[in-house]
6 protein chains.
Amino acid sequence: MRGFYIGRFQPYHDGHHAMVGRIADEVDELVLGIGSADDSHTTHDPFTAGERIMMITKAVKDFDLTTYVVPLEDINRNAVWVSHVESMCPDFDVAYSNNPLVVRLFEESGIEVRQSPMFDRDRLEGSEIRERMVADESWRDRVPDPVVDTIEEINGVKRLQHVSDSDSLERYTA
Amino acid sequence: MRGFYIGRFQPYHDGHHAMVGRIADEVDELVLGIGSADDSHTTHDPFTAGERIMMITKAVKDFDLTTYVVPLEDINRNAVWVSHVESMCPDFDVAYSNNPLVVRLFEESGIEVRQSPMFDRDRLEGSEIRERMVADESWRDRVPDPVVDTIEEINGVKRLQHVSDSDSLERYTA
Amino acid sequence: MRGFYIGRFQPYHDGHHAMVGRIADEVDELVLGIGSADDSHTTHDPFTAGERIMMITKAVKDFDLTTYVVPLEDINRNAVWVSHVESMCPDFDVAYSNNPLVVRLFEESGIEVRQSPMFDRDRLEGSEIRERMVADESWRDRVPDPVVDTIEEINGVKRLQHVSDSDSLERYTA
Amino acid sequence: MRGFYIGRFQPYHDGHHAMVGRIADEVDELVLGIGSADDSHTTHDPFTAGERIMMITKAVKDFDLTTYVVPLEDINRNAVWVSHVESMCPDFDVAYSNNPLVVRLFEESGIEVRQSPMFDRDRLEGSEIRERMVADESWRDRVPDPVVDTIEEINGVKRLQHVSDSDSLERYTA
Amino acid sequence: MRGFYIGRFQPYHDGHHAMVGRIADEVDELVLGIGSADDSHTTHDPFTAGERIMMITKAVKDFDLTTYVVPLEDINRNAVWVSHVESMCPDFDVAYSNNPLVVRLFEESGIEVRQSPMFDRDRLEGSEIRERMVADESWRDRVPDPVVDTIEEINGVKRLQHVSDSDSLERYTA
Amino acid sequence: MRGFYIGRFQPYHDGHHAMVGRIADEVDELVLGIGSADDSHTTHDPFTAGERIMMITKAVKDFDLTTYVVPLEDINRNAVWVSHVESMCPDFDVAYSNNPLVVRLFEESGIEVRQSPMFDRDRLEGSEIRERMVADESWRDRVPDPVVDTIEEINGVKRLQHVSDSDSLERYTA
């Protein structure tokens, strides 16, 4: 059986990792969908899809599980989003999500969704880790080791601190 | 004479219906443009274009008026929006709107616009009806009967309640 | 029961009209999808979506059938095309098409498709009518009367003759 | 040496003009990139790219400097933004910006950026000038003379006052 | 009076230059629109918008004429193309073109177009110059001097020869 | 060292597989970019990105090599294509390609490219395998075993035979 688990993974952290460990008990193969793959260099989405692919691929080697790590560009039309995901990913039997919109969209398409309160905790953790990076507080103990390596290699904390000064409404203009 | 009336129609309600009735006194034919046709499954825009086409087409049969119900995908460039509307719709002689941006864009293109304070009331009503649906309060007395039928057929209240739990900033991701 | 019938309708002609008449025997309501709705002013697609909506809406009044005429912008991704159509149109039970790609896409989505050799004849007719317009040969006897009216009102033959001189590869440039 | 200076220029004002004067001491040629070129008719971005090109081209004739005024449509993907700018503009040696995101993106691409506190003042000035226009207060003394001419020619203050009434969330719909 | 002249300018050559000279007799200011601004690195469109802006800006200094050189990204919807051009360019009174589609689109929008057989010759010349570059035959005598400088500075002939080996259908893939 | 190898992989075949084997001698890790990831259900591109990810991931397990399989949606702007690839993929040191356009684009961006005549053979093989599928001739001996499994699981030959009847110019319309 193949499962599907989606996140923005900004960055991939211990909460995601525990979740994958749990899903690994239920499926043989897992598709990890990277949401908002086309976003990067913002406070909310600091890392590129390529950087997130590297983090996740290295980290999930811990599990005895065939994985597929798939960047998913935003399509901004809820009504075709499930088809978009299905065409970009290997076929899956069950989706794991606690996001009400995702749950609704999959269910309207007849796809089984399994929910868990763990997901909510995950989301909060991502946001807190980014805040800690901006404030130069400790964050390395909250992500798997390969994620630390990737972020240091790309000088990721510096990037996040830099762009967090931006006024997002003005983006590229003085 | 052919008129043009635009709304998001989320859903089409008695306020819109009264407005169409009034416009029917002034024109022979009416184009009803469905704005944000590509949005759906959100608190602000729960229904798809197809669902809204069905609601409106059934409801406007009440009037002795040739109507054209046209979904309009968002184009996100104000300067070409009038051309977009004109190319998607049968040619019209006058537009009905109270939205300052729409009024301005049509007027800069030399198209006559008729305004009415009724439009503002309409907008508020759509928002209130959606809130009533989320809160499981009465809403059926505020929309034409065919709209009740459509929303029940597609299980629309359930959908709206479901997606209204979503954190729109995080959309598809845990 | 509601059916779905798609065409580019450049222009809507007697072949399409006969086909709608035949479908009318099998369904209560019919969605007419206008493909390539965003194309116009070319030899292959001379008329805008709005002009085609007007032609079709007037012509299908001949039938005792509730119809929905829906412009469909091209989405250029086969894998999400069915979802795009479904979100823009009132829900339908059966699709009518002889186009192998459309048949395949609907069937992979579990939607019933009914085919008929009539469709191929239709396609050829559209192309021949456009050639006759360019060559100033008779074409009025091949389309329903309201289509003649619309094309004359918009000065459509002149437009087609004009743009048929264009070198499509160079489009807007000298 | 050729420099690059980006702004939204809504409108081009004395702060921008002083900045160009300063840059003129350091470079022989200057590319002026007009950000959000596809936005117009909003409170934040009232003027079209064409109108801004006209304002700037006329105003920078004051300087002994070869200038290129280039509209830049938004691309909404930070990771390819620098390539987008480079392909649309004559090649440049140094960029002038104080926007943290722009600084970061150029630096990650190995392009030299020169910063100055003047840029922040500029940004505030644009916003204040638009507010003064909306409130019918004096603004002509804060922009170069050709900018006054352009804005009056297009009836720009009226447009800004008009669209500033819009509820941006509802855009085109009643 | 302000005129508008559009071309792809791949590259800007003596035919274009003669045409600008002729237009200069009729107008005070001229907008030069660079079509297909987003195309580059192909046999048909080897040069980027930025490179073409540089060629043209330098070359038209020969004339006593205020010029605006404006890159125009393709919009792929004929029905909104005129609005797109108008929003990106300073307002103009008359357009110069011999392209039947452009003539038609401007005329349907009520804009005066002036045609000249010279335009056809121009188009052929661009194609021949590119073929000469690919074949390492002489081309420098067919373009203004600043165009030679730009093409040599960017190593443009080499690029064109390189990409002309590509199988355009396969683009980026082996 | 990390390499990058791009193909459309329609389907992934023995020629690609031999190439990956050869690259495996030169690098420790390999990014396999799937070009035209958004195309599917055509004669030229029958398989979805998800299906191709599955084929490749299973097949490359033969090699002692860390691999990243990355779908790349077409961006249709050569000048930003390299940035697009870089943002979607883990950072790489060298690209393998024989496609003149790809070679040129990478080289203009300062990225090392290694070429090999093997690539041309590969391209022809993909096309021949698709023709054999359409003609119901033997093809299983030209692809790795996991590719046979995937294509059979999704009923891929049937799909290809079906869509190869389509008139691509008419796509979705009768």
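**View 1. The contact between chain A and chain F, where 24 residues of chain A meet 24 residues of chain F.** In this predicted model, chain A and chain F together bury about 1,800 Å², and 60% of that area lies on carbon and sulfur atoms. On the side of chain A, the residues that lose the most area to chain F are A:Tyr68, A:Glu73 and A:Met88, which together account for 28% of what that side buries.

**View 2. The symmetry that relates chain A to chain F.** Chain A is superposed on chain F by a rotation of 180 degrees with 0.0 Å of shift along its axis, and the RMSD of this superposition is 0.0 Å. The two copies are therefore related as by a two-fold rotation axis. Within chain A, the C-alpha nearest the axis belongs to A:Val70, at 3.4 Å from it. Both copies use the same surface, in that 100% of the contact residues of chain A recur in chain F.

**View 3. Polar and charged pairs between chain A and chain F, with the elements that supply the contact surface.** Two salt bridges are found across the interface of chain A and chain F. A salt bridge joins A:Lys58 to F:Glu29, with the closest N and O atoms 2.5 Å apart. Between chain A and chain F there are 12 residue pairs in polar contact, counted where both residues have pLDDT 80 or more. On the side of chain A that touches chain F, the elements giving two or more residues are helix 2 (49-59), strand 3 (66-71) and helix 3 (78-88) of chain A. The residues of that side of chain A comprise 11 nonpolar, seven polar and six charged.

**View 4. The contact between chain D and chain E, where 24 residues of chain D meet 24 residues of chain E.** About 1,800 Å² is buried between chain D and chain E, and carbon and sulfur atoms give 60% of this area. Two salt bridges are found across the interface of chain D and chain E, and a salt bridge is formed by E:Lys58 with D:Glu29, whose closest N and O atoms are 2.5 Å apart. The interface of chain D and chain E also holds 12 residue pairs in polar contact, both residues of each pair being at pLDDT 80 or more. Helix 2 (49-59), strand 3 (66-71) and helix 3 (78-88) of chain D are the elements that give two or more residues to the side of chain D that touches chain E. That side of chain D is made up of 11 nonpolar, seven polar and six charged residues.

**View 5. Helix 4 of chain B against helix 7 of chain D.** The axes of helix 4 (residues 100-108) of chain B and helix 7 (residues 156-163) of chain D come within 8 Å, and they cross at roughly 145 degrees. Helix 4 of chain B makes this contact through B:Pro100, B:Leu101, B:Val103, B:Arg104, B:Glu107 and B:Glu108, while helix 7 of chain D makes it through D:Lys158, D:Arg159, D:His162 and D:Val163. The residues of the contact between these two helices divide into four nonpolar, one polar and five charged.

View 6. Chain C and chain D are not in contact, and their nearest C-alpha atoms are 18 Å apart. Chain A and chain E are likewise joined by no contact, with their closest C-alpha atoms lying 18 Å apart.

Methods:
Residues numbered from 1 in each chain as written. Chains lettered and ligands numbered in written order. Predicted model: local features only at pLDDT ≥ 70, side-chain atom pairs only at ≥ 80, totals over all residues. Heavy atoms only, no water. Least-squares fit on C-alpha atoms with pLDDT ≥ 70 in both. Contact = heavy atoms within 4.5 Å. Buried area = accessible area lost by both parts, 1.4 Å probe. Salt bridge = Lys/Arg side-chain N within 4 Å of Asp/Glu carboxyl O. Polar contact = N/O pair within 3.5 Å; in protein donor to acceptor, adjacent residues only side chain to side chain. Helix = DSSP H or I, 4+ residues; strand = E, 2+ residues; numbered from the N terminus. Nonpolar A, V, L, I, M, F, W, Y, C, P; charged D, E, K, R; others polar. Axes fitted to C-alpha atoms, helices over the stretch in contact; angles between N-to-C directions.
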